[in-house]
Amino acid sequence: MDKVFQSVFYLFLIMILFKLSQFAYRMIRERRYMKELAQSGMPYIDKMDGYQFEVYLRALFQQLGYKPQITPKSGDFGADLVMKGKDKIVIQAKRYSAKNRVSLSAVQEVYAAKAYYKANQAWVVTNSYFTKQAKELAAACDVTLVDRADLQKFINEVKPVFKAREIFENITPEPRKCPKCGQDLVVRDGNGTRFFGCSSFPSCRHTEKINKH
């Protein structure tokens, strides 16, 4: 009977130790992830609008020795950025909210831009993730997809001089029109956050989050 009790006790002890080691591993992994997240500046990238995200990516590639070729606001033939260096890279920049995934249309557009700008590579870069169809098309068209995890790793490897927080706080978001009255939306500060407010305030009190899409 004692041997049976000892066997059960040791089995129970092994199970407890196993659970504790799993918990410790999860804690270490979570702390490492949070540290890498903070170093990459992803929380500030998530707050950016599309224009600020483009400015940030431009600064990131410039630090790697690339020179930007400015594309027009409209009629850009599918490229938000054209970076010239050892290779010529056309980039579609997709600053999305976490629940929105980048579809295959982004891959189609940047693939067309690669031909138009006579580039060596075509990239779609996002702070979110890609749909299954986008991944399949990118693999077939030789388009590089950089999702949230890839972007975070890329930033931490580059160690950019210009931090995401600096871009977010110092680069004015792209101008917008108020959907209610048609006046310009301007950037305002309140309660520690930045947001768009109607320039005709107080007659119009419309507001939007800066990263609204």
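1. Of the 213 residues of the protein, 37% count as buried. The model discussed here is a predicted one. Its accessible surface comes to about 13600 Å², and carbon and sulfur atoms hold 56% of that area.

2. The protein contains seven helices and 11 strands.

3. Two helix pairs deserve a comment. Two packed helices are described by the angle between their axes and the distance between the axes.

4. The crossing of α3 past α6 is left-handed.

5. On the α3 side, this contact uses Phe 53, Tyr 56, Leu 57, Leu 60, Phe 61 and Gln 63. On the α6 side, Leu 151, Phe 154, Ile 155 and Val 158 take part. Sorted by class, the contact of α3 with α6 has nine nonpolar residues, one polar residue and no charged ones.

6. The other pair is helix α4 (residues 104-116) with helix α5 (residues 132-141), whose axes lie 8 Å apart at an angle of about 25°. Angles under 35 degrees count as roughly parallel, so α4 and α5 are roughly parallel to each other.

7. From α4, the contact involves Leu 104, Val 107, Gln 108 and Tyr 111. From α5, it involves Gln 133, Ala 134, Leu 137, Ala 138 and Cys 141. The contact of α4 with α5 has seven nonpolar, two polar and no charged residues.

Definitions and conventions
Residues are numbered from 1 along each chain as its sequence is written. This is a predicted model: local features need pLDDT of at least 70, side-chain atom pairs count only at pLDDT 80 or more; totals for chains, interfaces and linings use all residues. Side-chain values use heavy atoms; hydrogens and water are left out. A crossing is left-handed if the near helix is turned anticlockwise from the far one by less than a right angle, and right-handed if clockwise. Helices (H or I, at least four residues) and strands (E, at least two) are DSSP runs, numbered from the N terminus. Contact means heavy atoms within 4.5 Å. Ala, Val, Leu, Ile, Met, Phe, Trp, Tyr, Cys and Pro count as nonpolar, Asp, Glu, Lys and Arg as charged, and the others, Gly among them, as polar. Axes are lines fitted to C-alpha atoms, for helices over the stretch in contact, and angles run from 0 to 180 degrees between N-to-C directions. Angles under 35 degrees count as roughly parallel, over 145 as roughly antiparallel, 65 to 115 as roughly perpendicular and the rest as oblique. Buried means under 20% relative accessible area, exposed over 50%, partly exposed in between (1.4 Å probe, protein chains only). Accessible areas come from the Shrake-Rupley method with a 1.4 Å probe; for residues, only the protein chains shown count as cover.
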